[in-house]
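Hello,

I am handing over the structure below. My notes on what was found in it follow.

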Amino acid sequence: MKGLADERVDFRFKGLPPQADGLTVAELSERRLNLFTDGFTTPVLALSAERLEHNLALMETYATRHGLAFAPHGKTSMAPQLFQRQIEHGAWGITLAVPHQVRVAREFGIERIFLANELVDAAALRWLASELDRDASFRFACYVDSVRGVELMDAALRAAGAARPVDVVVELGAGEGARTGVRTETECAAVADAVAAAPTLRLAGVAGYEGEVPQADGDRVRAWLRRLVTLAVDFDKAGRFAGLDEIVVSAGGSAWFDAVADVFAEIPELSSPVLKLLRSGAYVSHDDGHYRHLTPFNRVPEEGALHPAFRLWAQVVSRPAPEQAFTNAGKRDAAYDLDLPEVQVVRDARTGAVRDADGIAVTGLSDQHGWVRTEAGAALEVGDWVGMGLSHPCTSFDKWQLIPVVEADGTVVDYVRTFF
């Protein structure tokens, strides 16, 4: 993306070589610097070029095989370059969560956006109305989960003089005690009635998030997904989707997309073609913790496997005791909301040799330090680099504004810009 490639590198971007200051991102990429020998400073987060491409291709294949449209959740990376690569790999569009994220996506030309939230902010709705009116090719849909929300949307859009109605989907909640969403089918019908009475809105389908099903397992998740499909069927029988070119039925996080594929394959023929929209987002980098254990590919290994694409490199800055070391990467650098970083390899400061990190583990994080425990015989010296796997892609991306994309030999071939 030209606007990103023309941005100049400076003090804002941690981990990059100080001598890169003043270069554009394109110029820096063309130099094909080595992450380990060309002046990158620690801590530095690296995204594997090969694993990133593998993950993009795998989910494209998966969605195609199962007849799913794919709108990966962009809140994971908030990286327009990755949005574009996801679209190049067959994505229908991008899912987002809040108005700021929609503005970022629109700034970089994303034409189809699914907002997995109810949008009741009057200022954001004014902007949305102007954007829809300005660009006839822009397609947008968002959740509604309350009559009050519908009323607020309608009032704001009327005040804005919106010319195009905003497409909305009724969000079915995943159960009592779950997150957002309408709790009962009767209430869903009331919300749909409110949409029908609002000339600024158009009911385009139904949606929800199966990841919030209480005590989720395969049976409970599939039962809720069948409720969602039944809601779509009942709405269609009631004529609520009359005049649509297609009906949206959407679900799918990163833990149960196999269940979504199974149940969405059962959707009967409706009055218009069904857009079976999957929204999984964490796959783009995958991880070395939470999603490594939860990924549906563990249940369907014949369909492939995602590869963790992040590695955080930090340097040992203190070795105060035989069983204790400290790195210079802490909470400001590493995801820690689900699992602590996993030390995987050590790069010897003297020789540059890389070895497995046997007997070395992160036990805690301070703001700018990693607490590392070393077992007897674990060779680790001040100055060594440690390479760590991370858990939870969303809270890994959001700590870095410019992330080197690195080939297996350490060559940096690109830089991914994030906007959080």
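Predicted model: local features only at pLDDT ≥ 70, side-chain atom pairs only at ≥ 80, totals over all residues.

Aspartate 333 sits in the loop that runs between β11 (324–327) and β12 (342–347). Its side chain makes a polar contact of 3.0 Å with the side chain of lysine 14.

Next, the pockets. The largest pocket holds about 530 Å³ of space. Its lining is made up of 26 residues, and those nearest the centre are His73, Lys75, Arg179, Tyr209 and Gly253. By type, the lining of the largest pocket has 10 nonpolar, 12 polar and 4 charged residues. Both β4 (112–118) and α11 (290–294) supply at least two residues to this lining, and α11 gives the most, with 3 residues.

The second largest pocket has a volume of about 360 Å³. It is lined by 19 residues, with Ser48, Arg51, Arg311, Trp313 and Ala408 closest to its centre. Here the lining divides into 11 nonpolar, 3 polar and 5 charged residues. At least two lining residues of the second largest pocket come from each of β1 (44–48), α3 (49–65) and β10 (310–321).

Regards

Definitions and conventions. Residues numbered from 1 in each chain as written. Heavy atoms only, no water. Helix = DSSP H or I, 4+ residues; strand = E, 2+ residues; numbered from the N terminus. Polar contact = N/O pair within 3.5 Å; in protein donor to acceptor, adjacent residues only side chain to side chain. 1 Å grid on protein atoms, 1.4 Å probe; cavity = no way out; pocket = protein on both sides within 12 Å on 5 of 7 lines; lining within 4 Å. Points joined across faces, edges and corners; volume = space filled by probe spheres on them. Nonpolar A, V, L, I, M, F, W, Y, C, P; charged D, E, K, R; others polar.
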